[in-house]
2 protein chains.
Amino acid sequence: MNPISHEIIFAQEIRDRIKKVVGDSPVSLHEPTFEGNEWRYLRECLDSGYVSSIGEFVNRFEEALAEFTGAKYAVAVVNGTEALHIALKLSGVRPGDEVLVPALTFVATANAVTYCGAIPHFVDSEELHLGIDAEKLRSYLASIASRQSDQTVNKETGRAIKAMVPMHTFGHPSNMDALLEVAEEFSITLVEDAAESIGSIYKSRHTGTFGLTAALSFNGNKTITSGGGGAILTSDETLAQRARHLTQTARLKHSWEFIHDDIGYNYRMPNLNAALGLAQLEQLPGKLKMKRKLFLAYKEVFAGMRGLKVFEEPEDTVSNYWLQTIILEEENEDLKNDVLKLTNESGITTRPAWMLISNLSPYERNPRMKLACSSSLSKRIINIPSSPNLVEKK
Amino acid sequence: MNPISHEIIFAQEIRDRIKKVVGDSPVSLHEPTFEGNEWRYLRECLDSGYVSSIGEFVNRFEEALAEFTGAKYAVAVVNGTEALHIALKLSGVRPGDEVLVPALTFVATANAVTYCGAIPHFVDSEELHLGIDAEKLRSYLASIASRQSDQTVNKETGRAIKAMVPMHTFGHPSNMDALLEVAEEFSITLVEDAAESIGSIYKSRHTGTFGLTAALSFNGNKTITSGGGGAILTSDETLAQRARHLTQTARLKHSWEFIHDDIGYNYRMPNLNAALGLAQLEQLPGKLKMKRKLFLAYKEVFAGMRGLKVFEEPEDTVSNYWLQTIILEEENEDLKNDVLKLTNESGITTRPAWMLISNLSPYERNPRMKLACSSSLSKRIINIPSSPNLVEKK
């Protein structure tokens, strides 16, 4: 008989501790729950006849999002990817520009840059916030870029480095003060990818309100969902108007003529999806409480286990804990696949962080800094079941 | 006292004849009705927990669309514009190519070409089908283009003329046999913009099954709606698989790793919208009958009125009559705005054809042939109330 290996023992221990929190039944990574006005609003939407890009729920959802986040304006669109596409465009990203994006993110962050005809330039993350490492970025820019009139230019490629896109990984806020400083120092526009971070706060301000523009997502796996959906946030009235214009085919107001003054997009969120989104948004405070309780439960059961840590929001931030995260210690990075295999085989859905997008074939030749920390994190992160309904409402 | 002008008398006569069909209450141009399984399917969708890009309704909707249209494959996406974007990309349209599109169409036809980095090249329409004029196109290509190996090149710009996009205007099928002949003669790929023509038939085949790929739309103003939505049609298995892949972020199948092998898109239709779409599709045959009855009612009340005709499907086509269409005679084109003004002021929503997109500022410098017929049609077309529920179900 083979002795049970060290790897299996480690994986079993993780599985068993997770089970103490979530129980013995199979659990998914994150699933939505519909416990509020979802039915009522969908019915109202259908009864109104307005299920498409015009309707009361789109306006109500946008107003509620602006109020909740503290952004002056929210513009609801079909998903977070397209929200980021338009957010970047509105922030002045033009074909041939470079845009700084973390290598440790979902591929949509880079794709949105590509849709603008711009070039994702990959930067490293830090382990405290899981977001872009501002200090490393400052040194890197100082060495590879030069200031030319009012912009920063990559000396090697000759292209303007126009924007940076902090992404709040798994909902945990990036270190915004430090990133804003670097952005200002180099005249780089800050656009936030807040797709994962609705409800997450950095120093009393909601994520998505630090950039000139930002993108939210309401995909089915997010903290709240509109089926598919996203929103552009901004506090600039002109940009908000432009967001509405561009996402509705750039059509000018006229009683009946079809006059479009720009290349527009058909990105407006349908009223049907906004009805669902609004009902979900009303329940967000409750979901956030439950997600925090879930984090505390994981923190407690993993206390004292060696070889990993449960990620905890750093000081000055309040995370939505969208995806609960354990980070293996460096000497245990080889155990990641054992843990993923055993937990998933046991009905506990877990997943690793994304493969660094700088390593994906469409982006493998893009400019990048040394990605030591992102690379290490990518080998050590495991997301564990995170649905708010995994803990009792109390 | 001023005598009533000729213009007002003409407009009043049109308004009064429309009223004989639709009654005296205010009517919109086209509004959806929900009289089948909409509510049940939405409820089932919510109860399943799958409201987003995975779910039973997306698959069922796609299968039902393939069966209804006779295309082998249907891939459901967020809207018709993005469906056409991917349809063009799949058909080999590359940055710098030219794509032939009618000048008389909704702006999305050209925008989808632009999203591919390609250049819309505007061509004229003919009055019998309201689609691209195949004969004029043949002469035009013979004069401006040259054959180089297996492609046709615009001699003036040096760019390949890669594809043509017939659009079935207001649901009325274009003259597909003639267009297919020209496409073959010049090795130009045919991609159909069937956004308006679900349920429309050309010589026993559903529109959207003639091109290598095609796009449908289920926007709220269309014959059937999924809130927002569209679909890519193709009978090529490889292209269908590629459509699914590209519209779901180009992610490779893997238990947990995120590997994306191309620049993908987040275009998949949410299950919530597919639930609505499926319920609507089940009712399509009934809606088509009612739209045909409405056409016949308009045809009857306008019989004998001089100065205009009600557009009737040409031989060999069966139109869905998405938007009922009257076409003023050339000597009456100056009366169009009087008619639009009076009818809309009387609560009868009418609208003109689109301004030619070749005249819109983003496209005013694009290549084009002489657009005599499109230009004339654009001045003479008026769409009148077209909702299927305007006539009794019998």
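The points that follow concern a predicted model.

1. Contact between the chains. Chain B contributes 49 residues to the contact and chain A contributes 48 residues. On the side of chain B that touches chain A, at least two residues each come from helix 2 (38-48), helix 5 (108-115), helix 9 (271-282), helix 11 (336-345) and strand 15 of chain B.

2. Strand 16 of chain B and its partners. Strand 16 (residues 381-384) of chain B pairs with strand 14 (residues 324-328) of chain B in the antiparallel sense, over four bridges. Within this part of the model, Gln324(B) has Ile384(B) in strand 16 as its bridge partner. Strand 15 (residues 351-352) of chain B also pairs with strand 16 in the antiparallel sense, here over two bridges, and Arg351(B) is bridged to Asn383(B).

3. The faces of strand 16 of chain B. In a regular strand, side chains alternate between the two faces of the sheet. Here both faces are covered: Ile381(B) and Asn383(B) are buried on one side, and Ile382(B) and Ile384(B) are buried on the other.

4. Helix 12 of chain A. This helix spans residues 372-380, and its buried residues are Ser374(A), Leu377(A), Ser378(A) and Arg380(A). The buried residues of helix 12 pack against strand 2 (98-102), strand 14 (324-328), helix 11 (336-345) and strand 16 (381-384) of chain A.

5. Helices 3 and 9 of chain A. Two packed helices are described by the angle between their axes and the distance between the axes. For helix 3 (residues 56-69) and helix 9 of chain A, the angle is about 35° and the axes are 8 Å apart; the crossing is left-handed. Among the residues of helix 3 that meet helix 9 are Phe57(A), Phe61(A), Leu65(A) and Phe68(A). Helix 9 brings residues including Ala274(A), Ala275(A), Leu278(A) and Leu281(A) to this contact. The contact of the two helices divides into 10 nonpolar residues, two polar and one charged.

6. Arg251(A). Leaving aside residues up to four places away in sequence, Arg251(A) touches Phe258(A), Ile259(A), His260(A) and Gly264(A). Gly264(A) is 13 residues away along the chain, with 7.9 Å between its C-alpha atom and that of Arg251(A).

Terms used
Residues are numbered from 1 along each chain as its sequence is written. Chains are lettered from A and ligands numbered from 1 in the order in which they are written. This is a predicted model: local features need pLDDT of at least 70, side-chain atom pairs count only at pLDDT 80 or more; totals for chains, interfaces and linings use all residues. A residue is buried if 20 or more other C-beta atoms lie within 10 Å of its own, exposed if 12 or fewer, and partly exposed in between; C-beta atoms are placed from the backbone. Two residues are in contact if their C-beta atoms, placed from the backbone, lie within 7 Å. Two strands pair if DSSP finds at least two bridges between them. Axes are lines fitted to C-alpha atoms, for helices over the stretch in contact, and angles run from 0 to 180 degrees between N-to-C directions. A crossing is left-handed if the near helix is turned anticlockwise from the far one by less than a right angle, and right-handed if clockwise. Ala, Val, Leu, Ile, Met, Phe, Trp, Tyr, Cys and Pro count as nonpolar, Asp, Glu, Lys and Arg as charged, and the others, Gly among them, as polar.
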